[in-house]
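User: I have a two-chain model open and would like to talk through how it is put together. Could you begin with what you mean by a contact, and then take me through the parts?

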Amino acid sequence: MICDDDPGILEVLEMILEIEGYTVYTESNSTNLIKEISQTLPDLLLMDLWMPVLSGDQLLRTIRGTKELEHLPVIILSASVDGNEIASNAGADGFIAKPFDMDEVSMKIQNVLSDIRQVN
Amino acid sequence: METYIDSDAINDNLNNNIYLQALNSARSGIIITDNRQPDNPIIYCNKSFENMTGYSHNEVIGHNCRFLQAQDRSQPERQKIKDAIQNGTECKVEIRNYKKNGNLFWNELIISPVLDHNGNITHFIGVQNDITERKKYETELREEKASVDRKIKERTKELHDNEAFLSSIIQTVRESLLVLDAEYKVLSANTHFLNSFKVTSEDTIGKVLFELGNHQWDIDRLKDLLTKILPTNNPVIDFEVEHDFPYIGKKIMLVNAYRVEFEGQYKDRILIAIEDITDKKEIDRRKDDFLSIASHELKTPLTTIKGFVQLLERMIPENSSEKFVTTLGKVSVYVDRLNNLISELLDTSKIQSGNIEIHKEPFDIDKLIKDTVENLALATPEYKINIISNTKADILGDELQISQVINNLVSNAIKYSPGKDKIDVYCNRVGNFVKVSVKDYGMGISQQDQAKIFDRFFRARDIQKKFPGMGIGLYICHEIIAKHNGTLWVESEIGSGSTFNFTLPIMKR
């Protein structure tokens with residue numbers, strides 16, 4: 001699942017990840033996110049920080065506080081320089097700075113997913 | 001003093017030797033006149049008189065003393081003498097007299113009448129002293145005094161002028177100024193203070209600072225400043241104080257305080273200058289916010305562009321021309337360049353507010369240098385960038401930021417050596433550090449500018465026209481290296497080129 005208020009980002013990431021073989025869901029409205037991920041139960045969430053109404057770190061805290069979702073792997077994508085710190089404080093599993101490199105994105109996703117598998 | 005001597009005795013004794021001797025040994029000139037004869041002639045004069053006036057005894061006998069006045073007959077003292085003689089009273093005058101040779105001398109003349117047993121004035125005794133010297137000194141003294149008085153007047157006027165001038169300066173200055181005495185009572189407050197803090201002179205002067213207007217100045221930090229720091233003779237400059245004032249709201253102020261140490265009427269007085277920087281800080285904050293938001297917003301579509309360009313690069317059709325491929329590659333390079341520029345803008349504001357975050361992870365410095373430089377080399381094939389880096393050292397730091405530094409230094413090296421064709425990048429171990437050097441053979445940097453190039457918005461003067469830019473790069477690099485506990489510096493000579501060096505601590509295994 002990718003959540004970002006910018007449709008351009010959603011589109012390009014969707015293309016990149018589908019080439020990699022992932023099934024991609026997108027959500028541009030941060031207020032709908034919790035509902036969507038509860039329904040689709042994705043393996044991983046890629047989420048922006050700066051979004052209107054509900055920000056990425058707010059959502060992340062909610063996710064970590066929700067029983068069914070607390071173990072959902074989340075990677076934060078952000079253009080903010082201190083995004084990294086905010087992300088790890090809120091409980092993210094990874095951070096990618098915007099603008100990102102395609103390979104970097106796919107590698108980070110692989111790492112996070114394989115870590116989960118190892119743990120399991 | 002009135003002298004009433006028996007006149008008969010005088011006649012009897014005039015020829016008496018011992019009295020004569022006494023008269024002749026007197027320093028004062030003494031004459032005796034006979035009042036019973038017409039025009040009061042001199043009947044005796046002593047030796048001193050002769051010496052004093054230059055006239056001999058025989059020359060003066062029978063004359064009235066007025067001859068001593070020569071042509072100088074209009075002195076007011078004459079009337080005094082006349083009156084005294086008329087009334088038979090004693091008098092003392094200072095009169096101008098003239099010696100036989102015509103020289104002026106000042107004569108202190110004391111005239112005493114001599115009475116007979118019937119009370120008639122028979123003789124007058126005149127005692128004379130040459131007070132010319134004294135008169136001279138008196139005149140000189142008077143002139144001296146007049147001169148001094150004049151000088152005092154001038155100095156006093158100067159002082160008044162200075163005071164008035166100082167006062168005008170203090171009232172015109174666009175900063176609040178206070179003068180306190182040793183007990184923190186306000187001695188004076190300038191117009192700016194009264195206007196800024198909306199208080200009147202009456203409410204302020206004479207009151208202890210901390211008790212002014214509802215204790216609005218009862219600020220802990222300020223109190224500490226004045227009572228603890230100031231007495232220790234430490235200078236107090238740019239002391240920041242933030243306070244929520246009752247009528248004017250929240251203000252941030254910079255305070256300079258000075259305690260007068262020199263002796264004199266101003267000793268122990270405290271001078272306080274207050275600058276209101278509330279607006280300045282607000283502007284800075286807004287500027288930082290703006291930069292933050294702007295660069296964040298710019299990065300969003302840039303991210304999308306970069307993503308699509310990378311996808312295109314993966315989707316290159318088999319039969320596309322070489323040109324197609326390289327052109328696409330170039331788009332990628334310039335997208336990255338745009339990103340760097342935006343990052344510089346964003347990072348500036350973060351550094352300024354002390355927020356630059358380093359995410360530390362171990363990385364291979366040789367590899368980082370190689371990757372970063374190769375990336376740049378793609379866009380500048382006309383330069384040969386030599387790399388000598390075999391330290392095999394791992395650095396614990398923010399790889400992205402160090403890459404940014406290397407990028408910045410190498411780009412500068414290229415930019416400021418137009419027409420040259422090589423850049424050298426070295427990396428060596430030095431003790432527990434690695435030292436990275438970027439050397440160009442270009443225009444070099446003047447001594448003067450070398451000191452300033454790491455300042456936030458500095459650009460060497462002549463550079464600005466040829467290479468427009470914001471001049472943020474080196475400032476950020478400096479901050480980044482500093483946060484990594486290294487140092488960044490330059491060695492340069494005009495015309496020969498520059499070498500920028502930085503050190504980073506090697507990670508301990």
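Analyst: Two residues are in contact here if their C-beta atoms, placed from the backbone, lie within 7 Å. Please keep in mind throughout that this is a predicted model.

User: Fine. Which residues of α1(A) meet α11(B)?

Analyst: From α1(A) the residues are A:G8, A:I9, A:V12, A:L13, A:M15 and A:I16, and they meet B:T300, B:P301, B:T303, B:T304, B:G307, B:F308 and B:L311 of α11(B). By class, this contact has eight nonpolar and five polar residues, with no charged residues.

User: And at what angle do the axes of α1(A) and α11(B) cross?

Analyst: The axes of α1, residues 7-20 of chain A, and α11(B) cross at roughly 25° and come within 9 Å. Angles under 35 degrees count as roughly parallel, so α1(A) is roughly parallel to α11(B). The crossing in which α1(A) passes α11(B) is left-handed.

User: Zooming out, how many residues does each chain bring to the contact?

Analyst: Chain B gives 19 residues and chain A gives 18 residues. On the side of chain B that touches chain A, α11 (278-314) and α12 (322-352) each supply at least two residues, and α11(B) accounts for the largest share, with 12 residues. That side of chain B has five nonpolar, nine polar and five charged residues.

User: What about chain A by itself, what is its pattern along the sequence?

Analyst: Chain A reads β-α-β-α-β-α-β-α-β-α along the sequence, which comes to five helices and five strands. Chain A has 120 residues, of which 38% count as buried, and among its contacts between residues at least 6 apart in sequence, 53% join residues at least 24 apart.

User: Switching to chain B: what is the strand order in the open sheet of five strands?

Analyst: The order is β2-β1-β5-β4-β3 in chain B, and the pairing is antiparallel. Because β2 (42-45) and β3 (91-98) of chain B stand at the edges with a single partner strand each, one side of each is left without a neighbour in the sheet. On average, neighbouring strands of this sheet are turned by 25° against each other, with direction ignored.

User: Over how many bridges do β1 and β5 of chain B pair?

Analyst: Strand β1, residues 29-34 of chain B, and strand β5, residues 121-130 of chain B, pair in the antiparallel sense over six bridges. As one position to look at, B:I32 stands opposite B:I125 in β5(B).

User: Which helix lies across β3, β4 and β5 of chain B?

Analyst: That is α5, residues 77-87 of chain B, which lies across β3, β4 (104-115) and β5 of chain B and runs at about 130° to β3(B).

User: Then there is the hairpin of β6(B) and β7(B); which residue takes a positive phi there?

Analyst: In that hairpin, which has five residues between the strands, B:Y184 takes a positive phi near 65°. The strands, β6 (residues 176-180) and β7 (residues 186-189) of chain B, pair in the antiparallel sense over three bridges, and B:L180 has B:V186 in β7(B) as its bridge partner.

User: Last one: how do α14 and α17 of chain B pack?

Analyst: Helix α14 (residues 399-415) and helix α17 (residues 473-483) of chain B pack at an angle of about 145°, with their axes 10 Å apart, and α14(B) passes α17(B) in a left-handed crossing. Residues B:Q401, B:Q404, B:V405, B:N408, B:L409 and B:N412 of α14(B) meet B:G473, B:C477, B:I480 and B:I481 of α17(B). By class, the contact of α14(B) with α17(B) has five nonpolar, five polar and no charged residues.

How values were computed: Residues are numbered from 1 along each chain as its sequence is written. Chains are lettered from A and ligands numbered from 1 in the order in which they are written. This is a predicted model: local features need pLDDT of at least 70, side-chain atom pairs count only at pLDDT 80 or more; totals for chains, interfaces and linings use all residues. Two strands pair if DSSP finds at least two bridges between them. Helices (H or I, at least four residues) and strands (E, at least two) are DSSP runs, numbered from the N terminus. Axes are lines fitted to C-alpha atoms, for helices over the stretch in contact, and angles run from 0 to 180 degrees between N-to-C directions. Ala, Val, Leu, Ile, Met, Phe, Trp, Tyr, Cys and Pro count as nonpolar, Asp, Glu, Lys and Arg as charged, and the others, Gly among them, as polar. Angles under 35 degrees count as roughly parallel, over 145 as roughly antiparallel, 65 to 115 as roughly perpendicular and the rest as oblique. A crossing is left-handed if the near helix is turned anticlockwise from the far one by less than a right angle, and right-handed if clockwise. A residue is buried if 20 or more other C-beta atoms lie within 10 Å of its own, exposed if 12 or fewer, and partly exposed in between; C-beta atoms are placed from the backbone.
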